Amino acid sequence: MSDAVRLVNVAKRFMIPHTQRTTLRVLRALLRRETLRHELWALEDVSFALAPGDRLALVGRNGSGKTTLLRLLAGILAPTSGTIVLAEAPRALFSTTIGFMQELSVADNVYLFGAIHGLTRRRLEPRHADIIARAGIAHLQHAALKDLSMGQVQRLALSIFAETSERFLIFDEVLGNVDRGFARTADGYFRALAQSGRTLVMTSHDPAFLAAYCDRAIWIDAGRVRLDGAFDDVMRAYEQSFEDDPPVQPAPANGAAPEVVEPPLPQMEPAVPAPPAPTTAPAGSGDTSR
Amino acid sequence: MRSFFGEENRALFVELVRAAFKHTDHNSVAGALWSLLAPFAMLSALYLVFRERFGEELKAYPLYLLLGIAVVSYFATATRLLITILFANRPLLLNTSVPRETVILSQVAFHGYKFLVEMVLCTLLALHYGTLTWQGLLATLPLLLAFFALVTGIGMIGAVLFSFARDTEHIWTLVTHLLMFVTPVFYGLESLSAPARFIIYWLNPLTPFLEALRGAMIGPAAGAGVYLHALLIGTVVLVAGYAAFLSTESSAMERT
């Protein structure tokens with residue numbers, strides 16, 4: 001079976017400006033042959049392949065390169081080097097709030113958000129009422145989107161996106177603020193997706209969410225693939241990596257005396273009998289190892 | 001990235017324009033009329049001030065003024081908006097696979113609607129003055145297309161430049177404020193000295209459009225050279241702007 005996705009040695013470099021760029025600074029830098037930017041390699045040497053129907057969880061810490069990798073897969077960004085071969089263009093949901101217009105009604109936003117995600121009005125029109133009802137906001141269809149709660153907007157977004165029929169779907173941390181009721185609805189949707197044979201790539205900081213739908217995971221660490229394998233194995237290793245993280249302590253409350261952190265007392269250990277002192281030290285015996 | 005000419009993208013274009021209309025006061029007839037108030041206020045002010053100085057020598061002076069105001073206002077408004085369009089729509093463009101050109105064209109079209117309404121009013125005025133001919137009306141259509149091409153091309157170049165230097169927006173705002181004076185909006189080219197006429201005709205890309213449009217709607221018809229000059233500027237600027245945009249859009253988007 002041919003791959004649904006194949007990445008070979010993919011790298012992505014961003015050029016980060018040192019300073020606010022103005023015309024004069026740019027011209028001066030050009031004349032002096034200076035650069036106003038420095039390189040930031042968000043991804044390096046990323047290679048993997050997905051078979052049709054694979055359900056991949058991308059995990060990694062904040063800033064590790066997960067979203068950049070998803071944007072490369074979605075064709076939003078181009079790789080700096082390497083090759084990405086896709087059997088079919090994916091449909092991606094990166095945010096459940098981007099693609100709406102706050103001042104428009106819920107009913108109008110269904111068509112706008114749908115069009116931004118490749119769903120035409122002709123296709124959405126017969127499903128319009130169901131989409132809003134599925135989001136649980138039928139009574140709000142004439143309200144402006146700005147009057148909805150964040151959770152309601154997320155429900156609407158996912159309800160619209162559920163109309164997509166592409167065989168390769170990408171989800172980037174999309175279930176953040178939904179309530180338990182919609183989480184159950186969304187769970188039904190993702191389970192159905194997982195059983196439908198579609199290729200899925202998902203990111204989330206919730207391991208339980210990923211565990212429910214993914215059978216494989218890739219751990220991205222500092223822009224590189226740290227581990228690629230069965231979901232449970234990768235997640236175990238990934239979770240272990242947090243054990244060495246130092247805890248973040250809150251600052252002292254205003255007015256409170258600063259807490260003095262005293263160094264820990266040395267462990268009391270039974271004294272070791274001193275070896276008998278040599279009567280004459282041999283010259284050059286500086287070895288202090290025991 | 002979805003195909004620029006595919007059905008999905010055409011549907012997206014329509015929805016973006018529709019949403020822009022609904023988002024602004026254009027969603028109602030009164031709102032659309034309200035948005036025409038600014039050019040008519042400008043027309044009234046310029047007519048009152050310059051009627052005696054230029055109105056005698058320029059035929060159908062109110063129409064002459066309205067054409068100038070409509071062309072300069074649309075150019076200034078649309079290009080100012082396009083320069084920052086990648087920045088303003090960064091979340092959308094970095095989190096969805098919508099073609100960036102579609103977002104740009106939807107804004108050109110949305111603001112172009114108001115310009116076209118003003119052109120319809122100009123046509124009615126030309127009928128009132130008895131200066132419009134069928135040939136003139138037909139000649140207007142390619143000119144308008146070329147004008148939209150000019151606006152789009154300059155907007156794309158501006159969007160790329162903005163990603164390199166943030167003060168491009170301020171510089172361009174200053175330039176567009178000057179356009180009302182360095183374009184023959186309320187005066188005729190003939191009233192200028194030869195060097196000034198040369199500069200304003202050859203260095204201001206709006207002047208050939210305005211001369212050709214006025215020739216078509218007010219007469220006498222502009223020479224073929226002026227007409228072709230306008231069409232050529234629109235085409236060349238669009239091609240150059242799109243080429244610049246295509247070659248730098250990804251890096252421009254990342255820099256923005």
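User: How many salt bridges are counted between chain B and chain A?

Analyst: The count is four salt bridges. This is a predicted model, where local features need pLDDT of at least 70, side-chain atom pairs count only at pLDDT 80 or more, and totals for chains, interfaces and linings use all residues. Residues are numbered from 1 along each chain as its sequence is written, chains are lettered from A and ligands numbered from 1 in the order in which they are written, and side-chain values use heavy atoms, with hydrogens and water left out.

User: What makes A:Asp108 and B:Lys22 a salt bridge?

Analyst: The rule asks for a side-chain nitrogen of Lys or Arg within 4 Å of a carboxyl oxygen of Asp or Glu. Here the closest N and O atoms are 2.9 Å apart, so the pair counts as a salt bridge.

User: Which elements of chain B give two or more residues to the side that touches chain A?

Analyst: They are helix H1 (7-23), helix H6 (90-95), helix H8 (134-164) and helix H12 (224-255) of chain B. Helices here are DSSP runs (H or I, at least four residues), as are strands (E, at least two), numbered from the N terminus. H1(B) gives the most, with ten residues.

User: How many residues are in contact across the two chains?

Analyst: 29 residues of chain B are in contact with 32 residues of chain A. Contact means heavy atoms within 4.5 Å.

User: Why is strand S6 (residues 168-172) of chain A called mostly covered?

Analyst: Buried means under 20% relative accessible area, exposed over 50%, and partly exposed in between (1.4 Å probe, protein chains only). Five of the five residues of S6(A) are buried, so the strand is mostly covered. A:Phe168, A:Ile170 and A:Asp172 point one way, and A:Leu169 and A:Phe171 the other way. In a regular strand the side chains alternate between the two faces of the sheet.

User: How do you know that strand S5 (residues 91-93) of chain A pairs with S6(A)?

Analyst: Two strands pair if DSSP finds at least two bridges between them. S5(A) and S6(A) have three bridges, in the parallel sense, so they pair. A:Leu169 in S6(A) is the bridge partner of A:Arg91.

User: What joins S6(A) to strand S7 (residues 199-203) of chain A?

Analyst: Five bridges join them, and the two strands run parallel. A:Ile170 stands opposite A:Val201 in S7(A).
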